[in-house]
Amino acid sequence: MVGADGTPNFAPPNPHYRSLMPTVLITGGAGFIGSHVVRRFVQRYPETTIVNVDALTYAGNLENLADVDQAANYRFERVDIRDAAAVQDLVDRYQPDGIIHLAAESHVDRSITDPMAFVETNVIGTVNLLNAARTAWAGAMEGKRFYHISTDEVFGALGAEGFFTEETPYSPNSPYSASKASSDHFVRAYHETYGLPIVISNCSNNYGPNHFPEKLIPLMIHNIIEGKPLPVYGDGKYTRDWLYVKDHASAIDAVYHDGRNGETYCIGGWNEWQNIDLVHLLCRTMDAKLGRPEGDCAQLITFVKDRPGHDKRYAIDATKIHRELGWKPSVTFEQGLSETIDWYLSNKTWLRNVTSGAYLDYYSAQYGA
Ligand code: NAD
Ligand code: DAU
């Protein structure tokens, strides 16, 4: 196996390999949230082998982990979770104590144009992992954990009032959220049917460094830098609950280590924003950071056709994870947004690399520009 910089990275030589250190597989570790989770685990748990399992789709980028990929407890395995045999082989070789599953197709707009990709990775890929864990852990489930990372979108849309909780019925509205809901159900079913030790969390919208610029916040930051239009869907009065990605990583750490077997935890930022207000806040902040006259960036705001099946409002009541595990967000939105913008301004090479090639084809198909 070859590391991010092309140097060999130790991989287990045979099917009987068993690390003396505890081993955790993290799928989707080269993506946005996954890379923050991998970094946190590599740095905080030096006595645990952390295996980043990623197919490196357009959204996966090993540059995200350049600062930790030489750590002694880090491994990378390029595996596509749609490939059942490859997944089984991987799990057999590493015999992991835990699997933290983030790999997914994650963008709602892409799910509208290509739903099957979401069925294949999010549903079948998840079931492949469940089957492999079940086989590898057969008769020895004690101390094992399959942790499935999900989204608040499985609950559908809220009206003006109320919050999603662990008891909210599922009501997904997009192919993306339907595929995530389906995968959640499979994870629960493997717990009920086969006794697989599982835990699930459903989180609200994340933002922060390394976010691929197809999602609202990084797309707006990128377009402001480039002086391009800022495409706001519909009337812009859709509401999301934003959480800094490093706070999501700390919540995942808490749930992985201390969450109760078979339980679900809702994770959110207690931080609701209408899209149009958020875009104005970004514009004001970036006017100041870029030394542009006040109101300059806001002139780029352009209302465009709405997303079909657009969910009006998401908001999480994260009381359970706070009460049971003591978790709460550590960063205010103003701090998190400012750090995020600064990261994009000082990582223009990263931005340039991910906005070339295939990304540009997607961008012109989505926005016609
Ligand atoms: P992302 O799109 O940035 O990263 C996904 C990663 O999965 C990429 O590294 C990609 O290469 C990998 N991947 C995709 N298909 C794969 C396959 N077939 N086999 C192996 N690897 C594959 O996604 P993200 O925003 O970091 O989201 C990670 C997880 O968190 C997803 O499960 C998503 O549903 C969930 N989630 C995301 C958010 C959010 O706001 N971004 C909020 C709640 C939950
Ligand atoms: O709620 C959690 C979910 O948050 C995650 O499960 C998804 O993986 C993640 O992509 C995100 O989904 P959203 O659809 O909420 O995120 P997105 O950034 O695509 O859009 C946020 C809001 O901004 C939404 O109301 C649509 C709107 N929007 C988005 C884009 C890309 C625009 O107005 N213009 C845009 O160009």
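**Reading a parallel sheet and its helices**

In this predicted model, 4 bridges join strand β2 (residues 49-53) to β3, and the two run parallel.

User: How do I read strand pairing, and which residue stands opposite asparagine 52?

Analyst: Strands of a sheet pair through backbone hydrogen bonds, either parallel or antiparallel. Here, asparagine 52 faces phenylalanine 76 in β3.

User: What is the strand order of the open sheet?

Analyst: The sheet has 7 strands, ordered β3-β2-β1-β4-β5-β6-β10, with parallel pairing. β3 (74-77) and β10 (264-267) are the edge strands, each pairing on one side only. From one strand to the next, the twist averages 20°.

User: Which strands does helix α4 lie across?

Analyst: Helix α4 (residues 115-136) lies across β1 (23-27), β4 (98-101) and β5 (145-151). Its angle to β5 is about 165°.

User: Now helix packing. At what angle do α8 and α10 cross?

Analyst: The axes of α8 and helix α10 (residues 333-346) cross at roughly 55° and come within 11 Å. That makes α8 oblique to α10. The crossing is right-handed. On the α8 side, the contact residues include Leu278, Leu281 and Leu282; on the α10 side, they include Phe333, Leu337 and Ile341. The contact residues divide into 9 nonpolar, 2 polar and 2 charged.

User: Is isoleucine 276 buried or exposed?

Analyst: Buried means under 20% relative accessible area. Isoleucine 276 has 12%, so it is buried. This residue belongs to helix α8 (residues 275-290). Not counting residues up to four places away in sequence, isoleucine 276 touches Val232, Gly236, Ile301 and Phe303.

Note on methods. Residues are numbered from 1 along each chain as its sequence is written. Chains are lettered from A and ligands numbered from 1 in the order in which they are written. This is a predicted model: local features need pLDDT of at least 70, side-chain atom pairs count only at pLDDT 80 or more; totals for chains, interfaces and linings use all residues. Side-chain values use heavy atoms; hydrogens and water are left out. Buried means under 20% relative accessible area, exposed over 50%, partly exposed in between (1.4 Å probe, protein chains only). Contact means heavy atoms within 4.5 Å. Axes are lines fitted to C-alpha atoms, for helices over the stretch in contact, and angles run from 0 to 180 degrees between N-to-C directions. Angles under 35 degrees count as roughly parallel, over 145 as roughly antiparallel, 65 to 115 as roughly perpendicular and the rest as oblique. A crossing is left-handed if the near helix is turned anticlockwise from the far one by less than a right angle, and right-handed if clockwise. Ala, Val, Leu, Ile, Met, Phe, Trp, Tyr, Cys and Pro count as nonpolar, Asp, Glu, Lys and Arg as charged, and the others, Gly among them, as polar. Two strands pair if DSSP finds at least two bridges between them.
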